[in-house]
Amino acid sequence: MEKKTPGETRLLVCNCQKSMDLSGSALAGQNGGQPVTIHRELCRSGLDTFREAVSSGQNIHVACTQEAPLFLEVAESILDADHAGTDATDGAEASDAALIFTNIRETAGWSSAGADAMPKIASLLAQARHQPKMAPGVTLESKGVCLVYGPGQLALDTAAKLAGRLSPIVLLTDADDAFPPAQTQAQIFKGRVRKASGVLGRFSLEVAGLASARPSSREALTFDDAVAAQQLDCDLIIDLSGSTPLFTGHDRREGYFHVDQDDPAALANAMFEASDLVGEFEKPRYISFDGEICAHARSGQVGCTNCLDVCPLGAISPAGDTVAIDPAVCGGCGNCASVCPTGAASYAFPDRGDLIARMSILIETFAEAGGEHPVLLAHDESHGSELISAMARFGRGLPANVLPISLNSVLTLGHDTLAAALALGAERMFVLAPPKHREELTSLEDQAALANALLDGLGYGSDRIQIVIEHDPDAAEEALHEIAPLGAIATGGLVAAGSKREVARSVFAKLHDQSAAKPDVVELPAGAPYGRINVNVEGCTLCLSCVGACPANALRDNPDKPQLSFVEAACVQCGVCVATCPENVIQLEARYNFATEALAPDLIKSEEPFHCVSCGKAFGAKSSIERVVEQLRGHSMFKDDSQLQLIQMCDNCRVSSLANSKNDPFKMGKVPEVRTTDDYFDEEDQKPIPGGKKPSDFLS
């Protein structure tokens, strides 16, 4: 069979036994301009077509996800046969071919509007072929040392069942009903966990009252003397204690299982999952972090704590003027990336550029295929996909104009990416959010509120971005089917490169250009990462401590004269300048300034410099030096003009003047002369002894 050129993609579409109304000609744009053959059951009677496509060496795009395991199994068997029957070069060519699977059934075809869903199907297929940047990985290694923490016999029985698969350690909260085992299958201790840290492969527990079980225990377990506090290390933890979980966000801490004592099914499931967690495991490094632009603190003054406030797993901790993110603990929720004002914490799975590219492909392809009134629906893979599937199977399904886009976590969405959907041509942006961790959705709601405030200020209304927090598919379906057309704000052509703030400025500039009102300034809610500072100029002494503290370089000085300038576009409203100012004359004002002047330094205060009375060098602010001199005049330490002149000198002249004065604080006393052994002998020689002799007389 003739091999096709690697890199070509063959599109295979199936109407799933005629349960969808599909048009091959309508999908020609996704198949190099050629009409697409619509198969009736590609996974059954049409499987030979798939086999032929795999053997050809082409990339294959299958418009089905339900039967993906079957297709992968068939492809693997063909590739194994190729390796066995051809040389290494042919085998490598075949194995390099890519397999892509896209769900067009639950997301489009299975819908009350399925007959009108061809533009949506075309957009979903086009978006699936986008090649995202791969996130770097983090390796976790587990050797299978499992701590079973809980009461008496339940903990012992659990450890006994795990002994053949893992290396259990038992830590009993109490031993009242525990019988000494006839055969030791695990180390047995008694104690209470006081503190826990770590993740799969490197848990560390601080245990109070740790005591080891005695091998001589007969009728009941007895223990050695307890140790006040001891550390236990393990790879896995099954927590049956019934107390508060050892970790925040415990259900997403790899390797930790918090199990209800009265739920045998949950315990069996935890034991089953724990038994598989031996070896090396790769997880994505969800967050990329640039400490250089972190606005957490400067010189000990804390400003921004956004990421610390919203991390549900405790993966982020202060680290001086910046923060540290533990990639092994991080669960990938993306809250930190959405609320970070500078983009120091940025999501890498997918990154911002890939997400905007996917949204752009969806919207542009939908329009090119004849679709109207596009609405984007962001959802996560677990909760969102299940809800969409339930709508398609038991309800009306998604409307034909609602374009779903799957994310690892919807909490990654910031105001910049939410607004980007509208700048790309969507009429609305909906987010299907899971209610399971309701408290974690605050940051997403705040980001939506910020984006809506900007849109409202531009005259587009305040409800184009909506969060649907539902576990009921009927309620979610009703919300999506009630969407009224609004008209698109803009179409395509968005440049989305650079940092988070650069992308946001591109998005907002495009939305501003399309606005009829075109306001220069839009007021924003308090806490927004855009705005200016208001300085009480009369109280400002131009000490410039705020300039040194500003992490975003929004506050600037002038090396040639006392001067304070401010660049509004750079300000992230972190508040470090407010905390640093000794005169308390700075206040924050949240707003977005579209004027070009926001990009340039704005002079806040400027004064003439004071000139050194000794050398004439300019230094400090004239008003500040003169005020200090007047305040010190008459002080006991500044009784005459010569002492006051020290305040009026530059740093070099001040040191020189002090060094040459009789009151030089750095002046030392007279340096003692060097003395030798002979000097000491000469002194002793001059001392008389009884009889009028000298010591030297006896030596002679």
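Modeller: In this predicted model, contact means heavy atoms within 4.5 Å.

Colleague: Which residues does phenylalanine 508 touch, leaving aside those up to four places away in sequence?

Modeller: Phe508 is among the residues with the most contacts inside the largest nonpolar core, which has 68 residues. Leaving aside residues up to four places away in sequence, phenylalanine 508 touches His415, Ala419, Leu454, Tyr530, Tyr592 and Phe594.

Colleague: How many residues does the second, separate core have?

Modeller: This separate core includes Val138, Leu156, Ala211 and Val329. Its residue count is 48.

Colleague: Where does aspartate 235 lie, and how far away is the nearest side chain of opposite charge?

Modeller: Aspartate 235 is in the loop between strand E10 (227–234) and strand E11 (236–239). A salt bridge requires a side-chain nitrogen of Lys or Arg within 4 Å of a carboxyl oxygen of Asp or Glu. Aspartate 235 is buried and has no such bridge; the nearest side chain of opposite charge, that of lysine 143, is away by 7.2 Å.

Colleague: Which backbone nitrogen does the side chain of aspartate 235 reach?

Modeller: The contacts of aspartate 235, not counting residues up to four places away in sequence, include Ser142, Lys143, Gly144 and Arg202. At 3.1 Å, its side chain reaches the backbone nitrogen of lysine 143.

Colleague: Which residue takes a positive phi in the hairpin of E17 and E18?

Modeller: Strands E17 (residues 316–319) and E18 (residues 322–325) pair in the antiparallel sense over four bridges, with alanine 319 opposite threonine 322. Two residues stand between the strands. The one with a positive phi, near 75 degrees, is glycine 320.

Key:
Residues numbered from 1 in each chain as written. Predicted model: local features only at pLDDT ≥ 70, side-chain atom pairs only at ≥ 80, totals over all residues. Heavy atoms only, no water. Core = buried A, V, L, I, M, F, W, Y, C linked by side-chain atoms within 4.5 Å. Buried < 20%, exposed > 50% of the residue type's maximum accessible area, 1.4 Å probe, protein only. Pairing = 2+ DSSP bridges. Lys, Arg positive; Asp, Glu negative; His and termini not counted. Polar contact = N/O pair within 3.5 Å; in protein donor to acceptor, adjacent residues only side chain to side chain.
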